[in-house]
Amino acid sequence: MSAFNDDIEVGSAISKWFLGKSVFITGGTGFMGKVLIEKLLRTCSVRRIYVLVRPKRGVDAKQRIEDIFNYKLFDRIKATQPEVIQKVVAIKGDVTMEGLGISDEDEARLAEEVSVVFHAAATINFQEPMRVAVNLNILGTKRVVSLAKKMTNLKAFVHVSTAYGNCHLPNIDEKLYAPPMESSKLIQLTEWLDDDMLESLTNKLIHPRPNTYTYTKALAEQVLITDGANLPIVIIRPTIVCGAWREPIPGWVDNMFAFTGLLVGMGKGFLRSLYINE
Ligand SMILES: NC(=O)c1ccc[n+]([C@@H]2O[C@H](COP(=O)([O-])OP(=O)(O)OC[C@H]3O[C@@H](n4cnc5c(N)ncnc54)[C@H](OP(=O)(O)O)[C@@H]3O)[C@@H](O)[C@H]2O)c1
């Protein structure tokens with residue numbers, strides 16, 4: 001008997017579609033990004049996975065990518081097909097920098113080789129100052145779209161949005177919603193207002209959304225429509241992502257944010273009641 005759950009996805013139409021394709025991922029060092037890399041490596045015969053990574057706390061991009069394979073998440077791959085890890089290539093860059101801060105050489109390589117983009121990099125801090133949230137979530141999306149436009153063989157641009165971009169509405173449908181304001185106007189505001197003024201306007205701007213995260217993620221969807229007009233764009237809007245259901249390891253999660261934190265509190269018996277909206 002296998003130590004692992006069965007993989008019904010290997011050999012599926014999705015897996016075949018990825019055969020030989022090169023993929024570019026932003027946010028690959030994050031929770032969702034790591035799971036995506038693992039799944040692509042394990043079940044889809046991709047040619048290469050380029051991951052945009054910024055140097056952090058003195059660790060360079062290449063080392064940061066090597067480090068993600070130390071997570072238990074990758075044990076299954078390391079036990080069964082360790083060679084696929086070589087397919088992952090770090091691209092040094094940062095979504096807050098012009099041109100994503102990547103070298104001309106890397107840009108040319110991505111433009112020529114990549115046919116699938118997954119844009120997951122974002123700040124998920126609900127309380128992020130508006131200027132930071134705009135730079136990461138809105139301008140960052142613009143910069144990734146701009147790179148994608150140079151890809152001569154692009155087949156899909158998958159943007160990781162959130163179901164809470166329009167959380168003030170009672171129901172969310174699979175359609176685009178009118179943005180709360182034009183993203184270009186908000187970007188201009190962040191250019192000429194100082195921090196104090198921007199901070200004092202923030203609550204008015206985001207209303208009726210609760211925070212800068214949901215607000216800037218909603219506006220990022222609009223950027224895809226305006227800047228990425230002719231690109232093959234897919235917008236996915238996850239709700240709250242918790243630990244893995246089955247694969248590669250049941251329950252795998254790398255953080256204690258949001259609902260996972262509540263589950264830990266409940267499981268440990270610390271959290272016995274919760275104030276919720278009836
Ligand atoms: N987790 C959820 O429940 C959930 C639900 C709905 C939607 N989403 C969406 O899913 C995406 C990923 O979320 P997550 O939960 O995986 O978040 P996460 O663990 O915080 O990961 C965020 C990723 O973005 C990268 N990033 C941040 N700033 C960057 C910068 N300046 N340049 C380049 N990369 C940068 C981070 O890189 P570093 O390692 O360098 O910091 C990290 O790889 C986000 O777009 C989020 O809105 C998540």
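Since the model is predicted, local features need pLDDT of at least 70 and side-chain atom pairs count only at pLDDT 80 or more, while totals for chains, interfaces and linings use all residues. Numbering starts from 1 along each chain as its sequence is written, and side-chain values use heavy atoms, with hydrogens and water left out.

The sheet comes first. Six strands line up in the order β3-β2-β1-β4-β5-β6 as an open sheet with parallel pairing. Here, helices (H or I, at least four residues) and strands (E, at least two) are DSSP runs, numbered from the N terminus, and two strands pair if DSSP finds at least two bridges between them. The edges belong to β3 (88–92) and β6 (233–236); each has a single partner strand, so one side of each is left without a neighbour in the sheet. On average, neighbouring strands are turned by 20° against each other, direction ignored. Contact means heavy atoms within 4.5 Å; axes are lines fitted to C-alpha atoms, for helices over the stretch in contact, and angles run from 0 to 180 degrees between N-to-C directions.

Now to the charged pairs. The structure holds 15 salt bridges, each a side-chain nitrogen of Lys or Arg within 4 Å of a carboxyl oxygen of Asp or Glu. Arg42 takes part in two of the pairs described here: its closest N–O approach is 2.7 Å with Glu38 and 2.8 Å with Glu247. The Glu247 pair links distant parts of the chain, 205 residues apart, with Glu247 in the loop between β6 and α10 (258–267) and Arg42 in helix α2. Glu38, by contrast, lies four residues from Arg42 in helix α2 (residues 31–43), so about one helical turn separates them. Glu38 counts as buried at 0% relative accessibility, and Arg42 does too at 7%; Glu247 is also buried. Buried means under 20% relative accessible area, exposed over 50%, and partly exposed in between (1.4 Å probe, protein chains only).

Glu113 and Arg48 also meet in a salt bridge (4.0 Å, N to O). Glu113 in helix α5 (residues 104–113) and Arg48 in strand β2 are 65 residues apart. Both are partly exposed, Glu113 at 22% and Arg48 at 23%. Elsewhere, salt bridges that share partners join Glu38, Lys39, Arg42 and Glu247 into one network.
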